[in-house]
Amino acid sequence: MQSRRDFVKFMGRTGLLAATVAPFISVAGTSAMDVLLNAETGQIPFKPLAPSYADDLLLVDGMEYSVVLSWGDKLNGKDTFGFNNDYVAMFPIKGDKHDCVMWVNHEYTNSRFVSKYTSKQTEPKTLAQVNEELYSVGGSLVRVKYDKKKGKWEYVANDPLNRRLTGLTEIPFAWNEPIAGHTKAVGTNSNCAGGITPWGTLLTCEENYDDCWGEMDQEGKMTDKKTAWGWEAYYSNSPWHYGWVVEVEPFTGKAKKLVALGRIAHEAATTEALPDGRCVVYTGDDHNDECLYKFISDKPNSLETGMLYVANMENGEWVSLDWSKQEVLQKNFKNQTEVLIHTRKAAELVGGTKLDRPEDIEIDPLTGNVFVACTNNTPKGNYHGSILKIIETNGRDGLTFKHEVFLAGGKEMGFACPDNMEFDKKGNLWFTSDMSGKAISGDENYKGFGNNSLFYVPFSGPDAGKVVRVASGPVDSELTGPKFSPDYKTLFLCVQHPGEYSTDEKLSSHWPLGGDNIPKPSVIAISGASLDALMR
Ligand code: FEO
Ligand code: CA
Ligand code: CA
Ligand code: CA
C-alpha cells in the first residue's frame, strides 16, 4: 500500500521533475528499470517497451490484450459500433463490477473506410454516404461483462441496454432560450474525451465541431472555415448547435446539451462534487492558444445552471464570464446566452490565458491537484507539450490557484504530445501520446519517439517520476480513453484511427485482424500479472 509519506516526498519534488529526474532511456538493456524487480521493493516489475514503428499493439511482458469491440460490430438488430473510439466510461449495473454499461465516444469518421468515398469516386458524396458518416460518429452504450471462465471482457450483443447516439440523434439544449432559433440540435459529433458526474451520468465533449458544420460569427454569418466532410451538401445544421458538453444517462441514453458550460472545442469535462452537492467541472479548449475553464454549478446534482470561469495563469485567478458583472462582456454581447455561444471571444475579452492546446484533465485522487495535458503548440515552437499541475489555493470552488509544469515532453523524457490521462487506484498516472500521423512518419521533431503510446508514471517508490512506455499502437493510430475496470484488474484502451493515412493503393495498417484486412478502430482490454503487480 502506498504511504502518504512517500507520496508527499515525491510531490515535493515535482516542480523540478522535468529538469532533475534522470531521463528514462527507453531502449531495452540500458535503463535501471531493465531489471525484473519484485513487488516488495516497489520497483516496476517489467521492462519498459522501446519505441516502435510496428503495425501492432505491443505491450510490456506480463500484459496481454483482447479486442472487446471494433467499428462495425453489431450491437443489436439496427445498431452497430461507431468509428474512431475515444473516451471510455464504465457504469456498473446494480453495483456489479463485472457487468457494466460501457460508454465509448466516436470522435470522427473516415470516408475511405466508412462510406467508401475515395478519390476514385468522381461524383460527389451521396446522401446515403453522408448518412453513413453521420451514423459513425457520436457514442455507443454497450453492455459488457467479464466472463470468469474465459477470463475476459466481452460485449453482450442484442442487450436492451445497447444503443447509439449519432450525428443524427435529436438532443435538446438544457437552457432557457433557444440556440440559433432551436431548442434541439440534430446530432452530436467530434466526441473526444469526457467525464462522469458525481450522480452517475456521462459527459461527452464535442471538440472539433467546426470540422463538421463550420463556424458562424456573432452576426450569424458563416465564416470561411472549410468543413472536413461535406455534410452541408444535404443538411443545414447550425454550427452553434455543436461545441457543447453533452450529458447522457447511461441506462436510458437520454441526453441534453449543457449550454452553461460554454461552447468551445471541449476536450474533457472532469468533475468533483462540493460538500453541498453542487459540482465543479474543469474543461479545456483543445486549440492552439485557447484556454482552460472551470464551471461551478449553482444547484446540487445538476450542471444546467451555474457560472463559467476562465483561467488567468499569470494572476492565478479564475475569471468569471458573468455578463451581469463584466462590463466588457456587456459591451460585446447582448446577454449570457451570447457569451456562452461565443465563449472563446468572451474568454479573451476578460483576460483568459492562451495555452498550448489543453487536452485531458484529471484530478489527483490523493492531493486534489488538477493535471492538464497541454499537448503542443507547433506554431509557437512547442512540439512536445507538457502536463501542467493546477493547485487550487482557496478550495475546490475558490477562484485562486497556483500552477507549475509537472512533466515536460521531449526526447530526453521519451514522450511527446500528452493527451488522455487516467489515475489508477494507487494514485499513479497513466497517459497516452498523440503525435499526428504525419509528424510520426516524417517530421524531424518527432524522430525516434516511435508510434503513439501509453505511458505509466509512478508517483511513489524508487521509480517515482519515471516515464515508462507500457503500450505502443499500430501505424497511424493514437491510443485513447484509458479507463480501468471497476475492479482495477483490466485497463480498457481504445486504438483510434489505425491506418488513417492509407491511400487508394496501400493500406498503412491492417490492425487488429492483420493479413489483407482493413484497419478497424477498436476497444481493447489489457490485463495480466504485470498490471496486477502495479495495483497491489
Ligand atoms: Fe480529440 Fe484534443 O483530442
Ligand atoms: Ca484528445
Ligand atoms: Ca481521462
Ligand atoms: Ca490530441
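I started with Asp 419, which is buried at a relative accessible area of 2%; buried here is under 20% relative accessible area, exposed over 50%, partly exposed in between, with a 1.4 Å probe and protein chains only. This is a predicted model, where local features need pLDDT of at least 70, side-chain atom pairs count only at pLDDT 80 or more, and totals for chains, interfaces and linings use all residues. Residues are numbered from 1 along each chain as its sequence is written, chains are lettered from A and ligands numbered from 1 in the order written, and side-chain values use heavy atoms, leaving out hydrogens and water.

Donors are N, O and S atoms within 2.8 Å of the metal (3.2 Å for Na, K and Ca); water is not among the atoms, so sites may look incomplete. Glu 359 sits in strand β21 (residues 358–363) and Asp 419 in strand β25 (residues 418–423), so the pair ties together parts 60 residues apart in sequence. Strands (E, at least two residues) and helices (H or I, at least four) are DSSP runs, numbered from the N terminus. I also noted Glu 359 as buried, at 1% relative accessibility.

Then I turned to the calcium ion (ligand 4). I found Glu 359 (OE), Asp 419 (OD) and Asp 434 (OD) as its protein donors, 2.1 to 2.3 Å away. Asp 434 lies in the loop between β26 (429–433) and α9 (437–442), 15 residues from Asp 419. Asp 434 is buried too, at 18%.

Last, I checked the two ions together: ligand 4 and ligand 2 are 3.7 Å apart, and Glu 359 coordinates both.
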